[in-house]
Amino acid sequence: MIRESFIVLLSHWRRKPLQLIMLLLGLALATALWSAVQAINGEARASYARAAAVVGQDRLESLVQSDGSRFSQQIYVDLRRAGWLVSPIIEGEKRIGGERIRIIGIDPLTLPPQARQVDVMGAGIGLKNFITPPGILVTSPETAQRLEGAALPPVAVVDTLPPGTAMTDIGIAQSLLEVEGQVSRLLLWPTQPASAKPLEETAPGLIRRQPAVESDLSRLTDSFHLNLTAFGFLAFAVGIFIVHSAIGLAFEQRRAVFRTLRALGLPLRSLVILLAAELMAFALFSGLAGVALGYGVAWALLPDVAASLRGLYGAEVPGTLTIRPSVWLAGIAIAVAGTMVSAAGGLWRLWNMPLLAPARPRAWGLASERAMRLQALSGIALMVVTGALTQVGSGLVAGFAALAALLLGSALLLPPLLSSLLKLGSRTARSVLAQWFWADTRQQLPGLSLALMALLLALSANAGVGTMVSSFRLTFTGWLDQRLASELYVTARNQDEAQAMRDWLVPRSDAVLPIWNAETRVEGQPVQVFGIVDHATYRDNWPMLAQVPDVWDRIAASEAVLLNEQLARRSGLGLGDPVALSNGLSLPVAGIFSDYGNPKGQVIVSNDLLVKNFPDANRLRYAVRIDPAKAARLADDLRTAFALPLENVIDQASVKSFSLRIFDRTFAVTAALNVLTLGVAALAIFASLLTLSGMRLPQLAPVWAMGLTRRHLAGLELLRSIALAALTMIVAIPVGIGLSWMLLAVVNVEAFGWRLPLHLFPLDWVRLAIFALLAAGVAAAVPALRLARIPPAQLLKVFANES
Amino acid sequence: MKAEALLLFLALSTPALAQGFAGMGEDAEGFSVPQAGTELVFPRDHGAHPDFRIEWWYLTANLEAADGTDYGVQWTLFRSALAPSEGQGWQSPQLWMGHAALTSAEKHRSAERLSRGGIGQAGVVEQPFAATIDDWHMTSRAVASADSLSSIDLGASGQDFSFTLKLDAMGPLVLQGDRGYSVKSAEGQASYYYSQPFYEVAGTLKLLEGDVAVTGKAWFDHEWSSQPLGADQTGWDWFSFHFDSGEKLMGFRLRDSAGGFTSATWINADGRAEPQAPGALQVTPLEFAEVAGRSLPVRWQVKLPDKKLDVSTRALNPNSWMDTQVSYWEGPVRIEGTHAGRGYVEMTGYE
Amino acid sequence: MDWNAAAGMLLALKDVSKSYTTSEGPIQVLRGVSLSLDAGENAALTGESGSGKSTLLHIVGGLDTADSGTVHLDGRDIAGMDDQQLAELRRGTVGLVFQQFNLIPSLDVAANLAFQARLAGRHDERWAAMLAERLGLSQLLKRYPEQLSGGQQQRVAIGRTLAARPKIILADEPTGNLDEATGDAVLDLMLGLQAETGAALLMVTHSARLAARFGRRFHLTGGKLA
């Protein structure tokens, strides 16, 4: 009996293949976007974990200089001789063939077991090859590919290292980085012999640093991934609307079958279980398909994500995906959960349905006025929550909670709002057809409201994120003009060349400004310190957000420092606050400047101060001021004179276009997800319209009978969808502006550390509106076309007497 | 003969770990090879020989606390060369490894240290003699006229123990084999090998339970080679005995697919060494025990008919397992039978 | 029958045949039906279930088309009309009343009443008000169809049809869903108003009792007029 009943239930889908496709497609799409985001995040997080786990930094304490600078390896030997179990690490970045590679030198003999990602003794490397010149660079497969052809030690490939990192013997690394006899830090073995001499006696300059449980990278990029997750969830929610409509329709259309089966003796419990099993099978199938599809999406998006992360945070994420069981499990789980949530209402109604309930589908999803009012009240309540959160809340989570409240609130408010708008519209109706059009549209609202809410979410997210990105870009472009005031930027290959280059440039240009920098820590964060000389380039152009009156004089006199905005925000430092730089050097903040696109904190001091306090500062870069007309010529001459590679002399325009390219790639993912979400929303409308079109016949047939052609009716149906989309778009614009304001003023500040002004781009909205109307039109086209071509016999069935 | 060092270093320096003991007989390409008839010169030969592949300074001590509790101490510094040369800084191809152990009847404690040569973390200085790795040391305090090893200070530390010992030799250095040329197989593999078996020891063991003052006897070996094992030799059993009579015995058996290769040196109380013919020493396991997941002899019968020696050994702690990167059994024993005394046994290659 | 005279009639069918294709093959529903009706006349169309009553009515109303034969309505042959012309015919000439009432659920009673008249461009406020009064709907104008009883809904449907002043009213079992008393009342109203407006009325019914109240009666058996 169960088997037969199941076959009867399933036969519905054979007769309604389109419905089945919608259900499976909706579920698969929802799962796909969600899984894509999960796969991308998983890949990135695994990469951060690998980066964090490099030489066990996530698990081992280490000994460092308080300012993070390198120190003599004799201190290492002294500590070992004093009984300490420590292992030396040298770290640094090296440009190899245009690629910046992080080089980590280890001593494989003393490396604690927790720090051994690379089996140096293992096949393919071998201790002897590793430690004796020329040594071996161990890298990820991807990095190995990037390094191909560079004049370097032989490369060995492992999967355990993050991209952009090369591990090698400490001796080899010291030569590569030109820091003979220097170490960056010492890893402490987890347990030390009781007999070791006190640390302060042997290495007074060093402090113990706790293992970085959460790496700088994962902290910095958290917001980015939260962002992606939010998008994935949005897409999933939108997709679930489709599933909900398809399941709802299938339930309504099978009421007669349910009644018959029960009348024939199938227990209600069995019926419900059968239906749940049927849906579970669909969920599993679509879940699997969705995750597979999600991997496709992730695979397509990952290069952009990787570029974004590199550009925004300097985080290296590989461009290839690993198949993670967790993603599959989570994807299928969310597909099943989504299906069950979508079906809960239907199953509940079935559970409570009297055996002899009328088999005629009643107007599906018809909401009473009271329900509408309740929905409006909930929406208003959520709006209040949104306002409260932006006023009172702080932090990224509050920011996203506010965003969620805003979106959900506006989605809930949409149907009552549209209902009111349509009521208003019907007042303007002159003709009876117009009157009917408005009234009928209003009546369709309950059935379409879920899809329209999905559309609203997609449109607001689009308008909001679009406004945010455009505002950001506008600000960024203006900022680049200020920040990149010099005509040429040159980088020498070594110290001697830098000096010679400067001597060569001085008589040939208006000014040669050093761009020297060093790494240090401020308030526990890694920051770059730049030294600048006093010059009009800075006085006239530097993009200051806040400053004391005589800021440049004070910088020139080495009396104060400048901070970039993100450092000021993260550390809570303001004008006049002292900043501890290193070796007891502490200077007040004289200015805060905007520094978009930079993941790191930055401190600017006078060049004298930099040279004095950071002897190992990088002194290879200069900015050159010259008449722009002569810049290209000078660049050529310079390249020739020093046989410099192309990338060592860059003109202003190249830097700008490079920066903008990075910027655009950064938001390419967001844009892609946006479009996909909108596509899913369009599909939701399509599914809903298709669902409704079957139930529309009894409502449309009398109008047809009273003298409207089928084509006329179809045209009205099309117009109705477009009108609803247009009204939804109108609502979406203020929601989108609210969204972008929150992104710029709350989320960005938390995520990136900078606050941007909001600019409005009405033309973008027009474009979006056209897209939305097009989407709605396309979605409505199929049902409308079907209506236009429906055989009159089918319409006549509406009038057929039931007797 | 502490040949497990060879294994360790070959394991470190080549991907040959899986080859096990068979890998030890490989060619000594570029490295010096011991030659019979070469005279050892001191203090020069107390120092390191970087042109040989492997070398070790190995000290075992049978100690006793005032209350009669037995202890054993092991202190070893191994050298292994990736290339037959010395280099500056990290480029040096010389690798160093320390093993230390402190054994009592209840517990066997061990520690291990590794270091690169060339940076000052580990090494051996000839004059005044000092062998060090990290804070572990074996330092001469002999007067200039005496052999630099006649008086030494010894120290090492691990997680749960450390020791500082003063050692004074009561007899001369003993050259093993043919004036220090020690043959290891019938095919002629050999090493340079001498010992100082006459140390009287006094010092302190630092345990978690507290300090223990101890006295006793110690045995020192210095051996270097490039190719000490035959290709089919799978492991060895090594014995160093201090008899109550003042006589000493060093003997070993290298196990192979056939009957094995044994060698021994009888050392008279006055320091006069009597190398025994290959095969004169007979060793037989008497009792096996499960140690670290494998079956090992914990009692041996050792016979040297020419000296009317027929003794059996009893391990102070059958679980004297060196849980180091390459592991082996090394521990103090009591000797019973025709001669009574104490000593050390080492067993490697039991899988 | 005089076919020349019939041509001058409001409604004249000649040799109308119609078949449907079903899964069991074609079914001949109408086999050469001919009938005529003049303005002001009322006629009952009776017959067994499946005798083709509704199909005949649908063809006359321009909802369906005949396979062969001619249908003249208001002086025009509707057999050759396209979709657009049929729609105009339904809008301007015909008034339909169904058993299922088929009101427009999204419109209130007043709007439903006025709907077809306004579609036809013949809306007359006073006439509509009068009709509402006569049909007893004056108090219900602001209600929606789902809030009405069956009899009330059918009265709205009749009012909707009459409001447009059609030349012919086609009713398909309009009282089929109503109890006898309500049905009789509805029929009284319909016949009365038909007489007043001078429209023709063709009503499908299976009830001989009701058919007896009509001026003319046609009986369909096996797709032919008896």
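This is a predicted model: local features need pLDDT of at least 70, side-chain atom pairs count only at pLDDT 80 or more; totals for chains, interfaces and linings use all residues.

Colleague: What is the order of the strands in the open sheet of four strands in chain A?

Modeller: The order is S12-S20-S11-S21 (chain A), and the pairing is antiparallel. The edge positions belong to strand S12 (511-514) and strand S21 (649-651) of chain A; each has a single partner strand, so one side of each is left without a neighbour in the sheet. On average, neighbouring strands of this sheet are turned by 25 degrees against each other, direction ignored.

Colleague: Which helix of chain A packs on this sheet, touching S11 and S21?

Modeller: Helix H20 (residues 628-642) of chain A does so, and its direction makes about 170 degrees with that of S21(A).

Colleague: May we compare this with a sheet in another chain? What order do the strands have in the open sheet of six strands in chain C?

Modeller: There the order is S6-S7-S8-S3-S9-S10 (chain C), and the pairing is mixed. S6(C) and strand S7 (residues 168-172) of chain C run parallel and are joined by four bridges. One bridge partner to locate is C:Ala171 in S7(C), which belongs with C:Val97. H6(C) packs on this sheet and touches S6 and S7 of chain C, with a direction that makes about 180 degrees with that of S6(C).

Colleague: How should I read the packing of one helix on another?

Modeller: One considers the angle, the separation of the axes and the residues that meet. Helix H5 (residues 125-134) and helix H6 (residues 150-163) of chain C pack at an angle of about 155 degrees, and their axes are 10 Å apart. H5(C) and H6(C) are therefore roughly antiparallel to each other, and their crossing is right-handed.

Colleague: Which residues in H5(C) and H6(C) meet?

Modeller: H5(C) brings C:Trp127, C:Ala128, C:Leu131 and C:Ala132, while H6(C) brings C:Gly159, C:Leu162 and C:Ala163. Sorted by class, this contact has six nonpolar residues, one polar residue and no charged residues.

Colleague: Let us turn to the interfaces. How is the size of an interface often given?

Modeller: It is often given as the accessible area lost when the parts come together. Here we may count residues instead. In the contact between chain A and chain B, 24 residues come from chain A and 24 residues from chain B. On the side of chain A that touches chain B, the elements giving two or more residues are helix H3 (73-81), helix H4 (127-131) and helix H6 (170-177) of chain A. H3(A) gives the most, with four residues. That side of chain A has nine nonpolar, ten polar and five charged residues.

Colleague: How many residues of chain C are in contact with chain A?

Modeller: There are 28 residues of chain C in contact with 24 residues of chain A. Helix H3 (83-92) and helix H4 (109-119) of chain C each supply at least two residues of the side of chain C that touches chain A. By class, that side comprises twelve nonpolar, eight polar and eight charged residues.

Colleague: What confidence values accompany the model?

Modeller: The model scores ipTM 0.89 and pTM 0.63. Chain B averages a pLDDT of 87, and 91% of its residues score at least 70. Over residues 1-27 of chain B, however, the pLDDT is below 50; this stretch has 67 contacts in the model beyond near neighbours in sequence. Chain C averages a pLDDT of 87, with 96% of the residues scoring at least 70. Within chain C, confidence is lowest in helix H1 (residues 3-7), at a mean of 50, and highest in strand S8 (residues 200-204), at 93.

Note on methods: Residues are numbered from 1 along each chain as its sequence is written. Chains are lettered from A and ligands numbered from 1 in the order in which they are written. Two strands pair if DSSP finds at least two bridges between them. Axes are lines fitted to C-alpha atoms, for helices over the stretch in contact, and angles run from 0 to 180 degrees between N-to-C directions. Two residues are in contact if their C-beta atoms, placed from the backbone, lie within 7 Å. Angles under 35 degrees count as roughly parallel, over 145 as roughly antiparallel, 65 to 115 as roughly perpendicular and the rest as oblique. A crossing is left-handed if the near helix is turned anticlockwise from the far one by less than a right angle, and right-handed if clockwise. Ala, Val, Leu, Ile, Met, Phe, Trp, Tyr, Cys and Pro count as nonpolar, Asp, Glu, Lys and Arg as charged, and the others, Gly among them, as polar. pLDDT is the predictor's confidence in each residue, from 0 to 100.
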